[in-house]
Amino acid sequence: MSGKRLSLFAVALLAACAGESPDRIAADSLSRDLQRVPVDSSAVLNDPAPVPEPAKPVATKPKPKPAPKPAPAPAPAPAPAPLVLSSGTVITTAVDQEIHSRVNKAGEMVTTTVSSDVTDSRGRVVIPAGSRVTMTITEIHESENKGDKTGKLTLTPTEVAIAGRSYPIVASADALDRQLQDRKTNAGDVAKVGAGAAAGAIVGRVVGGNTKGAVIGGIIGGAVGTQRAIETQDRDVVVPAGSRVQLTLQSGLTI
């Protein structure tokens, strides 16, 4: 209340200085107070709207990476060059079963086994060791005299089996370990001895003119016949099992 009085006093003083009456000044002041609109303390202040917080980013699952495209299939490898053996190639084999001129006949088949790998000019194995070669006995005959050192045996290779497949071949074959085995004296050999003795007896009778000469001639003739039988005694051609048989290609072989 004292504050209001001080205000009125100040207004009156100013009015006095300005030449207006104190009553009018007081009336104007009161009029202004009455016209002042009371303030509603319950009214909501017009504060600025709150700034919304920025929306938090929504966590999203990372997209799965696309599966890598399959690598293109590699180009097929070029077909390997064929395996070739040239004419003149030597193949060492071993005979699988004994060949005997008294047992085996021409036209029969025999087999040999390759003893070591046979390679081409590039060192690639064409015929591995253990491969089987089939041959035909085209000629076989015992030795009939001492001048015949080998008898007769001709083997003709016809095919070679490699990894279960057979390939025809053209080749010659040489049995390196063939042998000659003497046969026991047979009827033919005895006949040769008898013929020699008879011839000796005839010669002794003619020369000596008596029985004694015939006996001596018979002994000499028998000795000659025996020698003749030995010289002409049959000897069998034998190639023991496991013996070496060497083949030589007469034309190329392609696998």
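Colleague: Why is aspartate 177 called partly exposed?

Modeller: In this predicted model, aspartate 177 has a relative accessible area of 24%. Buried means under 20% and exposed means over 50%, with partly exposed in between, so aspartate 177 counts as partly exposed.

Colleague: What makes the pair of aspartate 177 and arginine 244 a salt bridge?

Modeller: Their closest N and O atoms are 2.9 Å apart, and the cut-off for a salt bridge is 4 Å. Aspartate 177 lies in the loop between E10 and E11, whereas arginine 244 belongs to strand E13, so the pair ties together parts that are 67 residues apart in sequence. Arginine 244, at 44% relative accessibility, also counts as partly exposed.

Colleague: How do you know that arginine 183 and glutamate 142 form a salt bridge?

Modeller: The closest N and O atoms of arginine 183 and glutamate 142 are 3.6 Å apart, and the limit is 4 Å. Arginine 183 is in the loop between strand E11 (179-182) and helix H3 (187-208), and glutamate 142 is in the loop between E7 and E8, so this bridge links parts that are 41 residues apart in sequence. Through shared partners, salt bridges join Glu142, Arg183, Asp234 and Asp236 into one network.

Colleague: Are arginine 183 and glutamate 142 buried or exposed?

Modeller: Arginine 183 has a relative accessibility of 13% and therefore counts as buried. Glutamate 142, at 15%, counts as buried as well. The cut-off is 20%.

Colleague: How many salt bridges does the structure hold?

Modeller: The structure holds six. One of them joins aspartate 120 to arginine 124, with the closest N and O atoms 2.9 Å apart. Aspartate 120 is buried because its relative accessibility is 9%, while arginine 124, at 23%, is partly exposed.

Colleague: Why is threonine 134 counted as buried?

Modeller: Threonine 134 has 18% relative accessibility, and buried means under 20%, so the residue counts as buried. Threonine 134 is placed in strand E7. Leaving aside neighbours within four places in sequence, threonine 134 is in contact with Met109, Val110, Thr111, Thr156, Pro157, Thr158 and Glu159.

Colleague: What makes E9 and E10 the edge strands of the open sheet?

Modeller: Seven strands form this sheet in the order E9-E8-E7-E4-E2-E13-E10, with antiparallel pairing. E9 and E10 each pair on one side only, and they are the edge strands. Neighbouring strands of the sheet are turned by 35 degrees against each other on average, direction ignored.

Colleague: How do you know that strands E8 and E9 pair?

Modeller: At least two bridges are required, and four join E8 (residues 152-162) to E9 (residues 165-168), with the two strands running antiparallel. Isoleucine 162 stands opposite arginine 165, and valine 160 stands opposite tyrosine 167. Two residues lie between the strands of this hairpin, where alanine 163 takes a positive phi near 50 degrees.

Colleague: Which residues touch the most other members of the largest nonpolar core?

Modeller: That core has 28 residues, and those touching the most other members are Ile99, Ile127, Leu153, Leu155, Val160 and Leu253. The elements that give two or more residues to the core include E2 (90-95), E4 (109-114), E7 (132-141), E8 and E12 (235-239). Beyond residues up to four places away in sequence, valine 160 touches Ile127, Ser131, Arg132, Val133, Arg165, Ser166, Tyr167, Ile169 and Leu253.

How values were computed: Residues numbered from 1 in each chain as written. Predicted model: local features only at pLDDT ≥ 70, side-chain atom pairs only at ≥ 80, totals over all residues. Heavy atoms only, no water. Core = buried A, V, L, I, M, F, W, Y, C linked by side-chain atoms within 4.5 Å. Buried < 20%, exposed > 50% of the residue type's maximum accessible area, 1.4 Å probe, protein only. Contact = heavy atoms within 4.5 Å. Salt bridge = Lys/Arg side-chain N within 4 Å of Asp/Glu carboxyl O. Axes fitted to C-alpha atoms, helices over the stretch in contact; angles between N-to-C directions.
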